[in-house]
Amino acid sequence: MITLYGISNCDTIKKAKKYLSDNDIAFTFHDYRKDGVNHNMVSDFAEHIDWEQLVNKRGTTYRALSDEQKQSLTKQTAIDILVEQPAMIKRPVLINDGQYHLGFKTAQYDEIFK
């Protein structure tokens with residue numbers, strides 16, 4: 001079972017979904033805004049993907065954090081913030097056969113699904 005996690009209006013999510021559909025790869029899409037995010041989910045992501053990579057530092061949500069919040073980020077505080085602000089989770093997170101992948105590049109997906 002393949003699950004793609006993200007936000008439906010994200011351009012990178014659209015590209016990942018198109019890749020999967022174009023290659024006849026069945027998947028389930030979990031939209032953070034519609035389907036929700038919880039502590040267990042984000043903790044699970046952070047167990048399989050470096051928590052620092054999970055934090056989207058290029059987005060407006062991250063930039064809106066105070067300097068103190070940014071400087072004091074730890075794995076635990078990052079998880080707490082990501083649960084509160086799921087738009088800050090770098091997208092997409094793809095789980096395929098128990099393997100966790102972050103981001104989308106055509107070559108990356110070609111390697112995953114070869």
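A residue counts as exposed when its relative accessible area is over 50%, and as buried when that area is under 20%. Asp-97 has a relative accessible area of 64%, so it is exposed. Please keep in mind that this is a predicted model.

- Helix 1 covers residues 11-22, and at 1.5 Å a residue its twelve residues should span 16 Å; the C-alpha atoms at its ends are 16 Å apart, which agrees.
- Four residues of helix 1 are buried, namely Ile-13, Ala-16, Tyr-19 and Leu-20. Around the axis they cover an arc of only 125 degrees, so they sit on the same side of helix 1.
- In general, an α-helix has 3.6 residues a turn, so residues three or four places apart point the same way.
- What do the buried residues of helix 1 pack against? Their partners are strand 1 (2-6), strand 2 (28-31), strand 3 (93-96) and helix 8 (106-112).
- On the face turned away from the buried side of helix 1 you will find the exposed residues Asp-11, Lys-15, Lys-18 and Asp-22.

**Helix 7**

- Helix 7 spans residues 75-84, and its buried residues are Ala-78, Ile-79, Ile-81 and Leu-82. Looking down the axis of helix 7, these buried residues fall within an arc of 165 degrees, so they line one face of the helix.
- Among the elements that cover the buried residues of helix 7 are helix 3 (39-48) and helix 4 (51-54).

**Backbone features in the loops**

- Most residues other than glycine have a negative phi, and most peptide bonds are trans.
- Which residue with a positive phi follows helix 1? That residue is Asp-24, with phi near 50 degrees. Asp-24 belongs to the loop between helix 1 and strand 2, and with a relative accessible area of 73% this residue is exposed.
- Asp-97 also has a positive phi, near 50 degrees, though this residue is not glycine. Look for Asp-97 in the loop between strand 3 and strand 4 (99-102).
- Between Arg-91 and Pro-92 the peptide bond is cis, with omega near -15 degrees. Pro-92 is in the loop that connects helix 7 and strand 3.

**The largest pocket**

- The volume of the largest pocket is about 370 Å³.
- Its lining is made up of Cys-10, Thr-12, Lys-15, Asn-56, Arg-58, Lys-90, Arg-91, Gly-103, Phe-104 and Lys-105.
- How many residues of each class line the largest pocket? There are two nonpolar, three polar and five charged residues.
- Lys-15 is part of this lining and is also one of the exposed residues of helix 1. Arg-91, another lining residue, is on one side of the cis peptide bond to Pro-92.
- Cys-10, also in the lining, is located in the loop between strand 1 and helix 1. Cys-10 has a relative accessible area of 11%, so it is buried.
- Cys-10 and Lys-34 are 24 residues apart along the chain, and their C-alpha atoms are separated by 14 Å.

- His-101 is part of strand 4. Is His-101 buried or exposed? At 18% relative accessibility, His-101 counts as buried.
- Setting aside neighbours within four places in sequence, His-101 makes contact with Ile-49, Pro-92, Val-93, Leu-94, Gln-108 and Ile-112. One of these contacts, Pro-92, is the residue at the cis peptide bond from Arg-91.

How values were computed. Residues are numbered from 1 along each chain as its sequence is written. This is a predicted model: local features need pLDDT of at least 70, side-chain atom pairs count only at pLDDT 80 or more; totals for chains, interfaces and linings use all residues. Side-chain values use heavy atoms; hydrogens and water are left out. Helices (H or I, at least four residues) and strands (E, at least two) are DSSP runs, numbered from the N terminus. The expected span of a helix is 1.5 Å times one less than its number of residues. Buried means under 20% relative accessible area, exposed over 50%, partly exposed in between (1.4 Å probe, protein chains only). The arc is that of the directions from the helix axis to the C-beta atoms. Contact means heavy atoms within 4.5 Å. On a 1 Å grid over the protein atoms alone, a cavity is a set of points where a 1.4 Å probe fits but cannot get out, and a pocket is an open set with protein on both sides within 12 Å along at least five of seven lines; lining residues have an atom within 4 Å of a point. Grid points are joined across faces, edges and corners, and a volume is the space filled by probe spheres set on the points. Ala, Val, Leu, Ile, Met, Phe, Trp, Tyr, Cys and Pro count as nonpolar, Asp, Glu, Lys and Arg as charged, and the others, Gly among them, as polar.
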